[in-house]
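Colleague: Could you take a single part of this model and describe it closely, with the criteria behind each term?

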2 protein chains.
Amino acid sequence: MHKTRVRVVEDALDANNTIARANRSDFDRAGVKVVNLMSAPGAGKTSLLERVLGDVGDVRAGVLEGDVQGSLDADRLAWLHVPVTQLNTDPGFGGECHLDANMVRSALPEIPLPELDLLVIENVGNLVCPAEFRVGEDARVMVSSITEGEDKPLKYPLMFRTCELVLINKIDLLPHLDFDVERFLCNLDKVNPDSRRILTSARTGEGVEQFRDWLVQLPAREEARV
Amino acid sequence: MHKTRVRVVEDALDANNTIARANRSDFDRAGVKVVNLMSAPGAGKTSLLERVLGDVGDVRAGVLEGDVQGSLDADRLAWLHVPVTQLNTDPGFGGECHLDANMVRSALPEIPLPELDLLVIENVGNLVCPAEFRVGEDARVMVSSITEGEDKPLKYPLMFRTCELVLINKIDLLPHLDFDVERFLCNLDKVNPDSRRILTSARTGEGVEQFRDWLVQLPAREEARV
């Protein structure tokens, strides 16, 4: 009995992945590493970026800010003097709860890729849909605030499963919460045992240096994931 | 010049609203008041329900639990000895980030409506899409945890705009955060000045009694909203 090798054109019908690959090609050509940064609303994505992007050494960083409406976060990052591009999902896309590859593509003309080494895409605050859409990123990072509880990896498994790095944030509030770090890590192990984890606090600075190191040492290029 | 009166069949093409009205008719027929309870992940919806549903006097309450996966919250509520029905958006609906009218309709056969006066529908944790879908509710309540920051009404205006009641939760953490209650209320006024607000803490019990009173005194029937 013969085994026939069939080259399957995977995801041929998936427009999002097709566009994500096009984005990825553009990022690679420009030599830009791209991080898709995700979390629930108010978990601290912007506060952590404020902490790390002010000092990333020789790395030329930029931000693409995804929000349903407004530019509050982009305005917060403006003082860092890094290029920040605002992408609103409300007027053009009907109030989408996530960024997809095509939205990111629509923003590319506004992003000075040749001037960047690192682009952080701050996704819309949401633990469900952002995880479903690759946008051409090299790596995925998510922020899980300890105020959200230990059960989140089990309730939103796709989000936690598809991230290389999980930042367990607002750790300064630990004395005031009933949050059990070990239980959270145990739940995270159930859905993504290989993920890197850093305990962080944008307020006290705990873990910020490790996050910064992780960002600037992003491996040259991982296996293509999109 | 004549003015012609045209009776417009509103939302004729909006399947969700059509189904929401059907749900509403069923709820009305059974004499059940329905609350759509929404928030970001981990804001404290289930903890507040644990606090209030244990003691709602003569009111016969039930819960419809919406989650992407699992039954963690339904399990938490089981000890209250109220009917809890679990609705997962993952297997049947492709991991939806919200409940819509049709999902709720699909769960109706499992809900003992004739035995209830009040049904609380705990939506999927998300500040965007749940607000876009009426499910046949009488009223909308959202929980905004102070750990999420003061800017949330401005970043997720539709959610805050469409709720009758906003619970500002985890107020016990106020001494440990930089959260400015007045600034939050000012932002809320910008998008929904008419909303009722209650400061709550599921941990200390602050505001729980007011929330319970609001629930059990739900007006006989508001203007049809769906």
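**A strand and its surroundings**

Modeller: In this predicted model, A:Ala61, A:Val63, A:Glu65 and A:Asp67 point one way from β2(A), while A:Gly62, A:Leu64 and A:Gly66 point the other way, and all are buried. Buried denotes under 20% relative accessible area, exposed over 50%, and partly exposed the range in between (1.4 Å probe, protein chains only). In a regular strand, side chains alternate between the two faces of the sheet. Strand β2 of chain A covers residues 61–67, and seven of its seven residues are buried. Strands are DSSP runs of E with at least two residues, numbered from the N terminus.

Residues are numbered from 1 along each chain as its sequence is written, and chains are lettered from A and ligands numbered from 1 in written order. Local features need pLDDT of at least 70, side-chain atom pairs count only at pLDDT 80 or more, totals for chains, interfaces and linings use all residues, and side-chain values use heavy atoms, without hydrogens and water.

β2(A) runs parallel to strand β4 (residues 118–122) of chain A, joined by five bridges; here A:Glu65 stands opposite A:Glu122. Five bridges also join β2(A) to the parallel strand β3 (residues 84–88) of chain A, where A:Leu64 stands opposite A:Thr85. Strands pair if DSSP finds at least two bridges between them.

As for the interface of chain B and chain A, six salt bridges are found across it, a salt bridge being a side-chain nitrogen of Lys or Arg within 4 Å of a carboxyl oxygen of Asp or Glu. One of them joins B:Asp67 to A:Lys155, with the closest N and O atoms 3.4 Å apart.

Technical notes: Helices (H or I, at least four residues) and strands (E, at least two) are DSSP runs, numbered from the N terminus.
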